Amino acid sequence: MESVIHGQLQDAYEQLSFSGGGIRCFWQGGALDALRSTHELAPERIACASGGALAGACFIADRGSKLVEVFCNRLNEHDENLEIGTGECPTEPTPHQQIYRRVVDEVIDSEAEQAIADGPAFEVLLARPPGWLPIKLAAAATMFMYEVDKKLRSTPHGKYAEAVGANEMRVDARAAARQGKLKDLVCQAATIPPVFDMREWDGNPVIDAGTVDNAPMPTPNSGRTLVLLTRDYTNLPDVEGRTYLKPSSATPADKIDFTDADALRATYRQGRKDIEALLAK
């Protein structure tokens with residue numbers, strides 16, 4: 001069993017960072033619910049990437065329990081991750097994009113949008129693929145470099161995708177909420193080709209920002225920071241005032257398995273148990 005913590009647990013945090021991880025992000029929800037039993041979590045700034053955008057939004061709007069319920073209900077409607085020629089969008093090879101959008105639409109209601117608009121600073125990272133390649137090839141190159149980076153460096157803070165020309169785009173999620181664009185932003189953040197079709201944000205094609213930094217620091221980056229990961233890394237940096245929390249073992253849920261509601265619930269429970277065990281020490 002791996003340690004669930006890298007760094008020191010602080011009494012309070014000025015910043016939160018939500019990493020991506022698809023369905024594994026439900027570990028973050030369980031972990032935060034457990035941590036709230038002993039810690040007052042009222043960060044001034046939040047940054048997130050990929051599926052962490054939905055986790056972060058639900059943290060701010062207090063929609064964690066609803067997210068578990070709604071996502072499980074949607075997963076119970078599907079028993080295949082590959083549904084070519086079916087559903088409302090028969091040209092899409094998988095049901096993932098449809099399911100994710102429906103979940104986001106249901107969970108982030110008008111009250112949640114208002115809570116986010118009025119809440120702490122909230123940045124969602126998107127990634128622009130390298131502009132010197134045709135778009136589909138650029139996306140493939142970005143994903144490939146991300147995988148190489150993950151294998152060789154084993155850190156959430158990537159370098160290789162940026163080396164080929166991919167770069168991050170930071171979006172003010174509070175402003176997006178005020179403009180009625182928050183749901184679009186949360187969905188764009190979780191664009192993983194080829195499972196998800198690529199979309200545009202402000203005229204730029206974007207993909208999952210976890211390819212460039214899967215644990216982004218807010219801007220400005222100042223104060224104690226809690227980083228919520230969804231998998232183990234062997235090379236986490238030692239930064240004063242920064243705490244990384246991570247699963248004690250591989251989560252029951254796979255990153256993009258949209259068929260197993262039981263695994264989703266088990267991943268959430270693992271998050272609670274991991275942090276409860278940490279606090280018990």
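User: Which helices each supply at least two residues of the lining of the largest pocket?

Analyst: The model is predicted; local features need pLDDT of at least 70 and side-chain atom pairs pLDDT 80 or more, while totals for chains, interfaces and linings use all residues. Residues are numbered from 1 along each chain as its sequence is written, and side-chain values use heavy atoms, without hydrogens and water. A pocket is an open set of points on a 1 Å grid over the protein atoms alone, where a 1.4 Å probe fits, with protein on both sides within 12 Å along at least five of seven lines; lining residues have an atom within 4 Å of a point. The helices (DSSP runs of H or I, at least four residues; strands are E, at least two; numbered from the N terminus) are α1 (26–35), α2 (52–61) and α3 (64–75).

User: Is H39 buried or exposed?

Analyst: H39 sits in the loop that runs between α1 and β3 (45–49). Buried means under 20% relative accessible area and exposed over 50%, with partly exposed in between (1.4 Å probe, protein chains only). Because the relative accessible area of H39 is 12%, this residue is buried.

User: Which residue's side chain is joined to that of H39 by a polar contact of 2.8 Å?

Analyst: A polar atom of the H39 side chain also lies 3.1 Å from the backbone oxygen of Q10. A polar contact pairs N or O atoms within 3.5 Å, one able to donate a hydrogen and the other to accept it; neighbours in sequence count only through side-chain atoms. The 2.8 Å contact links H39 to T38.

User: How many of the eight residues of α9 are buried?

Analyst: Helix α9 spans residues 182–189 and is mostly covered. Among its buried residues are L182, K183 and L185. The count of buried residues in α9 is seven.
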